[in-house]
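Subject: Structure for you to look at

Hello,

Here is the structure I said I would pass on. My notes on it follow below.

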Amino acid sequence: SLQVQAYPKYGSSKKGLPTTYYLTVGEERIRTHCELEHVEFIPLNDINAFNVGDPLRGLADGGTIFLNTPKTTPETIWKDVPQWAKDRIRQKNARVLALDTFQIAAEVATKADLRIRMMGIVLVGVFLKATPFAERFNMDFDQLMAGVERAVRARWEKRGEQVVQENLTSIRRGYQE
């Protein structure tokens with residue numbers, strides 16, 4: 001079984017700075033609660049994060065960056081990345097993934113007020129795709145999604161089957177697309 005620790009570090013909302021969220025996963029109990037210095041997965045919900053700081057700080061060699069974007073070709077996505085970030089991504093031999101989580105959330109969520117939350121749920125699928133969990137535990141897609149469904153049901157089943165299915169669809173699409 002894996003141990004998980006997650007927490008946000010809020011930017012100054014008055015200054016419009018982004019919030020940084022940390023997620024640590026390990027086989028042993030996680031004993032520290034601090035900013036991470038070596039990060040293997042960096043999701044950027046807004047490409048403008050490159051303009052308000054260094055969202056790639058701490059990017060580990062071979063890490064993964066996720067860009068939330070409506071653009072669909074590698075050329076158009078890469079064009080929006082500033083040169084300093086391109087250089088760092090190349091230097092770190094990082095992988096770049098991109099997907100429009102806004103669009104998926106808009107297509108899946110039947111209630112408009114759930115669309116913003118659903119974007120984060122799509123990101124769960126992206127995270128599972130970008131990380132070695134399934135491979136490490138010798139799980140195929142169906143086995144992985146069965147585990148995801150157990151967790152989703154435990155969290156949202158009290159809100160009804162439609163909410164469960166919307167969450168599962170969002171996670172699947174984040175993983176597959």
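Please keep in mind that the model is predicted. Lys 92 sits in the loop between H2 and strand S5 (95-99). Leaving out residues up to four places away in sequence, Lys 92 touches Leu 59, Ala 60, Asp 61, Gly 62 and Gly 63. With Gly 63, the separation is 29 residues in sequence and 7.3 Å in space, C-alpha to C-alpha.

On confidence, the chain has a mean pLDDT of 88, and 90% of its residues reach 70 or more. Helix H2 (residues 83-91) has the highest mean pLDDT among the elements of the chain, at 97, while S1 has the lowest, at 71.

Strand S1 (residues 3-9) contains Val 4. Val 4 is exposed, because its relative accessibility is 56% and exposed means over 50%. Together with Leu 23 and Val 25, Val 4 forms a nonpolar patch on the surface, and the accessible area of the three is about 230 Å².

Asn 167 has a relative accessible area of 0%, so it is buried. Its side chain reaches the backbone oxygen of Val 163 at 2.7 Å. Apart from neighbours within four places in sequence, Asn 167 is in contact with Arg 117, Met 118, Ile 121, Val 152 and Trp 156.

Regards

Notes: Residues numbered from 1 in each chain as written. Predicted model: local features only at pLDDT ≥ 70, side-chain atom pairs only at ≥ 80, totals over all residues. Heavy atoms only, no water. Buried < 20%, exposed > 50% of the residue type's maximum accessible area, 1.4 Å probe, protein only. Polar contact = N/O pair within 3.5 Å; in protein donor to acceptor, adjacent residues only side chain to side chain. Contact = heavy atoms within 4.5 Å. Patch = residues over 30% accessible without salt bridge, like charges linked within 9 Å, V, L, I, M, F, W, Y side chains within 5 Å. Areas by Shrake-Rupley, 256 points an atom, 1.4 Å probe, with all protein chains shown as cover. Salt bridge = Lys/Arg side-chain N within 4 Å of Asp/Glu carboxyl O. Helix = DSSP H or I, 4+ residues; strand = E, 2+ residues; numbered from the N terminus. pLDDT = per-residue confidence, 0-100.
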